[in-house]
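The entries follow in the order in which I looked things up.

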Amino acid sequence: MSLPPCPRCQSEFVYQDQRHLVCPECAHEWNPAEVEAEDVVAVKDANGTLLTEGDKVTLVKDLKVKSSSLVLKIGTKAVIRRIKDSKDHQLDCKVDGAGDMMVTASFVKKA
């Protein structure tokens with residue numbers, strides 16, 4: 001049975017103590033069931049609808065792609081591949097006609 005690394009220090013030397021996991025390097029204790037529940041990131045679109053991985057979205061604003069002359073037009077469709085907990089770009093999307101890129105959730109709406 002393989003145990004996950006410590007969420008604080010990423011140490012591999014984790015051991016189980018009843019229901020909790022303990023890291024001997026940083027002395028962090030956690031319940032793996034609670035960590036899984038906390039890992040869910042709640043990201044909302046421009047209309048306030050909760051987004052999940054696999055959702056189809058459309059752009060609500062023209063977006064200029066950095067370091068390129070490409071402009072993504074309003075109504076361009078995309079599919080959310082992953083949702084990240086990040087300040088600027090929360091959605092890892094596959095955008096029609098542009099490929100894979102990160103998009104800010106406030107510039108899309110659920111299709």
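The model I examined is predicted.

**Entry 1: confidence.** I looked up the pLDDT first. The protein averages 89, and 94% of the residues score at least 70. Where pLDDT is low, the predicted coordinates should not be read in detail.

**Entry 2: the five-stranded sheet.** I traced an open sheet of five strands, ordered β11-β10-β9-β6-β12, with antiparallel pairing. At its edges I found β11 (99-103) and β12 (108-110), each of which pairs on one side only. From one strand to the next, the twist averages 40 degrees.

**Entry 3: T58.** Which strand holds T58? I located T58 in β6, where it stands opposite K77 of β9. Is T58 buried or exposed? Its relative accessibility is 12%, and because buried means under 20%, T58 counts as buried. Leaving out residues up to four places away in sequence, I listed its contacts as G75, T76, K77, F107, V108, K109 and A111.

**Entry 4: the nonpolar cores.** The largest nonpolar core has 17 residues, of which L51, L91 and V103 touch the most other members. I noted that β6, β9, β10 (91-95) and β11 each give two or more residues to this core. For V103 I recorded contacts with L59, L63, H89, Q90, L91, C93, V95 and V108, setting aside neighbours within four places in sequence. Another core, of five residues, lies apart from the largest one; among its members are C6, V14, L21 and W30. In soluble globular proteins, nonpolar side chains tend to be buried together.

**Entry 5: the three-stranded sheet.** I next followed an open sheet of three strands in the order β1-β2-β3, again with antiparallel pairing. Strands β1 (15-17) and β3 (29-30) stand at the edges with a single partner strand each, so one side of each has no neighbour in the sheet. Strand β2 (residues 20-22) is joined to β3 by two bridges. What is the bridge partner of L21 in β3? I identified the partner as W30; both L21 and W30 also belong to the core of five residues.

Conventions: Residues numbered from 1 in each chain as written. Predicted model: local features only at pLDDT ≥ 70, side-chain atom pairs only at ≥ 80, totals over all residues. Heavy atoms only, no water. Pairing = 2+ DSSP bridges. Helix = DSSP H or I, 4+ residues; strand = E, 2+ residues; numbered from the N terminus. Axes fitted to C-alpha atoms, helices over the stretch in contact; angles between N-to-C directions. Core = buried A, V, L, I, M, F, W, Y, C linked by side-chain atoms within 4.5 Å. Buried < 20%, exposed > 50% of the residue type's maximum accessible area, 1.4 Å probe, protein only. Contact = heavy atoms within 4.5 Å. pLDDT = per-residue confidence, 0-100.
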